[in-house]
Structures are given as structure tokens and as C-alpha cells.
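Please view the sequence and the structure below before reading on.

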Amino acid sequence: MTAPASADHNTSLMEKIVALTKRRGFIFQSSELYGGINGAWDYGPMGVLLKRNVKDAWWRAMVHEREDIVGLDSAILMHPMVWKASGHVDGFSDPMIDCKTCKKRFRADDMDGAICGQKPSKSPLNCGLAQLTEPRNFNLMFETFLGPISDSSAKTFLRPETAQGIFANFANVTSTTRVKVPFGIAQVGKSFRNEINPRNFTFRSREFEQMEMEFFCAPGTDDEWFKKWVEIRQRWYTDLGVSSGKLRLREHDKLAHYSKATTDIEYLFPFGWGELEGIANRTDFDLRQHQRGIRTVGKWDGGDLSAVELAPEDAEYQKGKLSYFDDEKKQRYIPYVIEPAAGADRATLAFLCDAYAEDSAPDAKGQEETRVVLRLHPRLAPIKAAILPLMRKDGHPERARKIYDDLKRRFFVDYDESAAIGKRYRRQDEIGTPLCITVDYDTIKDGTVTVRDRDTMQQIRVSEDKLRGLLEEKLGY
Ligand code: GAP
């Protein structure tokens with residue numbers, strides 16, 4: 001039995017992962033040049049590829065390979081009444097406590113983990129200096145203004161979730177496509193939350209990307225669909241290589257106001273279990289709320305939205321604008337919604353943490369040294385293969401470039417002639433490149449190259465004209 005990892009081990013593992021992501025151009029702190037800002041991250045040349053592959057894998061599984069789900073890309077800026085109807089204006093808040101001494105603000109439900117502004121080794125509960133206020137609710141939505149006048153009628157919000165753009169387009173999608181309940185609408189995009197305590201690297205950020213799907217089904221079929229979606233979504237992570245032992249499901253016993261059931265998929269990060277995705281049975285709450293919202297908007301005078309009362313529900317709400325006519329049942333109703341809501345940044349971080357490994361490999365003198373390797377699933381790896389001329393002479397670069405030019409039409413490949421071959425292998429291992437193709441003196445003689453496997457470090461010799469087929473097989477295309 002392996003001993004449980006100690007807290008120190010996990011802290012240093014997270015530090016190593018953060019250092020690797022910086023060293024190899026995956027993730028940088030936003031505005032680092034200016035001292036950085038909290039809760040925002042930039043994805044560098046490797047990170048943008050990795051995150052794009054994560055989002056593509058989600059899109060492929062959720063839209064491309066399914067007949068019953070269509071895609072959407074709705075605007076980040078929406079009519080402010082959307083956020084009143086959805087409940088975000090009144091309810092999307094965290095209780096917070098201010099310290100009058102150090103002027104820091106803390107989440108009331110996380111005071112033990114909070115760090116005092118003057119004594120960073122202490123929490124505000126035991127620093128001996130704190131003068132704490134009573135908890136007050138702090139809305140997490142970022143406010144912004146449409147146009148040049150900054151008054152309440154111009155105020156709107158950066159969306160805190162992509163889901164509402166889907167609900168707001170429900171009628172557009174049903175009236176312009178051939179979708180029939182049960183069906184889903186999926187979208188990937190940025191969301192913004194003014195988190196009080198952004199932390200754990202990209203895990204809790206103020207600007208992040210979500211991958212959300214709203215699956216509309218007939219009332220009464222929702223429990224079954226909920227179960228199905230929990231299974232489908234959990235499998236998505238394991239199919240992409242996440243260790244099943246580091247995934248778990250957590251059923252909520254305290255439910256959000258819109259939810260009949262919620263289960264989170266959690267991953268065991270080096271800093272502990274964290275939510276990757278929530279699957280919620282949102283019932284018919286959102287579509288009904290938006291029907292109330294559109295009844296309210298004409299009467300709104302542009303004043304403070306939190307003082308506005310939403311119009312009551314029409315007695316005939318089941319036949320409202322956001323209802324659906326079921327041809328089979330010959331009945332009109334408001335569909336129920338099952339929502340798998342995932343975070344692209346959290347999934348990317350989980351894939352990175354899960355892929356990080358250290359083993360040993362011989363250096364240039366044959367001495368064993370520690371090798372850092374990202375064992376990413378080939379579908380997620382930023383670069384699928386690196387083409388490496390052994391020497392920068394004797395025709396090697398020209399031959400390697402020819403292979404690169406051919407393969408790049410089909411795969412995302414890299415050409416690298418910059419250092420000793422061992423160094424170049426290590427660099428590709430650290431960014432998770434599954435295969436390295438080396439052009440050497442035998443290539444010039446007989447047209448064969450070596451193909452080195454990232455995980456086993458085994459090398460095989462294959463003829464150049466077999467490379468495309470070999471890559472397709474090894475990368476699972
Ligand atoms: N529409 C439902 C919804 O937004 P959520 O649980 O608040 O539900 C869904 O968010 C997912 O979005 C989370 O499971 C997480 O992966 C991601 N997410 C939420 N807040 C985040 C944050 N501050 N930073 C990074 N990802 C976040």
C-alpha cells in the first residue's frame with residue numbers, strides 16, 4: 001500500500017506543476033509585467049493549444065458526435081433584465097467579512113483558510129489584529145455600462161455563466177432548427193465572477209471559460225436524463241486519461257434555488273478535492289423565470305434592478321413564449337433542463353496535474369537523471385509529434401523539414417533543431433509531445449527514421465512513408 005501523500009509533498013507538487021507551466025509556456029499570470037493581477041491568467045503558446053484541445057474534445061463529445069445537441073455562441077453582454085430574471089441580481093452573492101485593520105475582504109464561509117493582510121502566516125481569526133465586520137452579501141457579478149452614460153439604465157453585467165445565453169435563445173433555436181425534445185444546446189465561452197478569494201492557481205479565477213450544455217427534456221423524464229448525464233460526463237474525463245481513482249461524485253444535499261438535484265464531479269488536485277463540473281436538474285425554473293422577465297421588461301423604467309419586482313407568472317405559463325409543443329404527446333409544456341456545466345480552465349488544470357510525472361532517464365553521459373514528463377492523452381497534447389534532425393548539417397535539416405512540411409498538413413507538429421538531441425527530447429517530454437521523430441545518418445542512406453515514444457522512451461525505426469499511418473494509429477485519429 002502506498003502511504004498517503006503528505007501536505008508538504010502536495011504543496012511542492014503543485015509548486016512544481018505551476019513552475020513547469022510557466023517554464024514551458026503554458027500559463028502566465030495576467031499582466032505579470034505590471035506586477036500581475038489576481039484571478040486572471042494568460043495561456044501561452046503551449047497552454048492555448050492544450051486548452052483548445054480540451055474545449056475541442058468537449059465540443060466533439062457534446063455536439064459533433066451527437067445528433068441531439070446543437071451548438072451556440074451567445075454574446076457575453078446581455079440585457080440586464082436577463083440577470084434579474086435568472087436570479088443573479090438578487091441572489092448571486094457570497095457572504096463576506098471585511099477587516100477594518102488590514103482592509104482585506106474574506107469569504108465568511110472560509111475564514112479558517114483566509115490569510116491575514118498583516119500577518120500572512122495567520123488567519124484573521126487568530127492574528128490578534130483583526131477588527132472584523134459582520135458578514136454582508138457581496139454580488140459576484142462584474143458591472144459594466146453600455147454606451148457613454150454610466151447610470152443604472154445603462155448598467156449591465158459581464159455574464160457570470162454561459163447558461164443564460166442558452167435559455168435566452170431557446171425559442172430562436174427551436175424555431176430555426178429541426179430539434180425535438182429531448183435535445184440540448186451547448187456552448188463554450190468566457191464567464192466572469194468577482195470572486196472574493198481567487199486561489200489555487202487557475203482553479204478559482206475571476207475570468208474563466210465554461211463548457212455548458214442545457215439538455216431540454218419532457219417533465220417526468222428528467223430524473224432518468226440526470227442519471228445518464230452524470231455517467232456520460234464522468235466517462236468523458238476517464239476516456240481522456242484522468243485516473244478514475246482521482247475522480248469522485250459528490251451529491252449536493254443543500255441545493256441551489258433552481259435545482260432539484262445536483263451532483264459534482266470532483267478531482268483530487270494536489271491542494272485537495274475540487275469541483276470540475278456540476279450536473280444539475282434545473283427543472284423548468286429558468287424558462288419560466290425568463291417568461292416572467294419578458295413580462296417585466298416593458299415596465300422597467302431603467303432604475304435599480306434590485307428594487308424591481310418581477311412580473312408574476314401568467315396563469316397560462318405552460319403556453320408561454322418559451323414553451324414547447326410536443327408533436328408526439330400533442331401537448332404544450334415548459335421543458336425540464338439537465339445541465340452539465342464544466343470549467344475549461346479547471347479541466348485543463350486537472351489534465352495537467354494528472355499528467356505530471358517524474359521518472360528517470362539517462363543524460364548525455366549515460367547517468368540516470370530525473371525526467372519530468374507530461375503524460376497527456378494524445379488528443380490533448382499540444383504538439384502531436386516533434387521532428388528533430390540529429391545534426392544541423394549533412395542534409396539532416398532539409399530531410400527533417402520535408403517530413404515536417406508533409407505531416408503538418410494533418411497533425412499539429414513541431415520542428416526543432418536547436419540543441420543536443422537529449423535536451424530536445426526532454427523539452428518535448430515536458431510539454432507532453434507523444435512522439436519524437438528523429439532524422440539521422442540512416443535516414444539519408446535508407447529513408448528510415450526513429451520514432452520515440454514519450455512514455456516508454458522506446459525507439460523504433462520506420463520508413464518515412466509509413467509515418468502518417470503510424471501517427472494516425474498511435475494518436476488514435
Ligand atoms: N450554469 C451553472 C454554473 O455556472 P457553476 O458550478 O457555478 O455552475 C460551472 O459553474 C463550472 O464552471 C464549475 O464546475 C467550474 O468548473 C467552473 N467555474 C465556476 N466558477 C469558476 C471560477 N471562479 N474559476 C474557474 N472556474 C470556475
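Which side chain does the side chain of Arg-454 join in a polar contact of 2.7 Å? The partner is the side chain of Asp-455; a polar contact is a pair of N or O atoms within 3.5 Å, where, within protein, one must be able to donate a hydrogen and the other to accept it, and residues adjacent in sequence count only if both atoms are side-chain atoms. The model is predicted, so local features need pLDDT of at least 70 and side-chain atom pairs count only at pLDDT 80 or more, while totals for chains, interfaces and linings use all residues. Residues are numbered from 1 along each chain as its sequence is written, and side-chain values use heavy atoms, with hydrogens and water left out.

**Overall build**

- The protein chain contains 13 helices and 23 strands; these are DSSP runs numbered from the N terminus, with helices (H or I) of at least four residues and strands (E) of at least two.
- Along the principal axes, the C-alpha atoms of the protein chain fill a box of roughly 85 × 65 × 55 Å.
- Of the 477 residues in the protein chain, 49% are buried (buried means under 20% relative accessible area, exposed over 50%, partly exposed in between, with a 1.4 Å probe and protein chains only).
- Contacts (heavy atoms within 4.5 Å) between residues at least 6 apart in sequence join residues at least 24 apart in 64% of cases.
- The protein chain exposes about 23500 Å², and carbon and sulfur atoms supply 49% of it; accessible areas come from the Shrake-Rupley method with a 1.4 Å probe, and for residues only the protein chains shown count as cover.

**The ligand site**

- The ligand is surrounded by 20 residues, the closest being Glu-161, Arg-193, Ser-205, Glu-212 and Glu-275; a residue is counted here if one of its heavy atoms lies within 4 Å of the ligand.
- A nitrogen atom of the ligand is 2.4 Å from an N or O atom in the side chain of Glu-212.
- Oxygen atoms of the ligand are involved at Glu-275, where a polar side-chain atom lies 2.5 Å away, and at Gln-210, where the distance to a side-chain N or O atom is 3.0 Å.
- Taken alone, the ligand exposes 550 Å², of which the protein buries 90%.
- Two or more residues of the shell come from each of strand 10 (207–217), strand 13 (272–283) and strand 16 (336–343), and strand 13 gives the most, with five residues.

**Two buried residues**

- Arg-454 is found in the loop between strand 22 (448–453) and strand 23 (459–463), and it counts as buried because its relative accessibility is 4%.
- Beyond residues up to four places away in sequence, Arg-454 touches several others, including Arg-371, Asp-429 and Pro-434.
- Ile-185 lies in strand 9 (residues 183–192) and counts as buried because its relative accessibility is 0%.
- Leaving aside neighbours within four places in sequence, the contacts of Ile-185 include Ile-69, Phe-170 and Glu-212.

**Backbone features**

- Most residues other than glycine have a negative phi, and most peptide bonds are trans.
- The peptide bond from Val-181 to Pro-182 is cis, with omega near 5°, and Pro-182 is found in the loop between helix 6 (170–176) and strand 9.
- Lys-330, which is not a glycine, has a positive phi of about 50°; Lys-330 counts as exposed because its relative accessibility is 62%.
- Met-457, also not a glycine, has a positive phi of about 65° and lies in the loop between strand 22 and strand 23.
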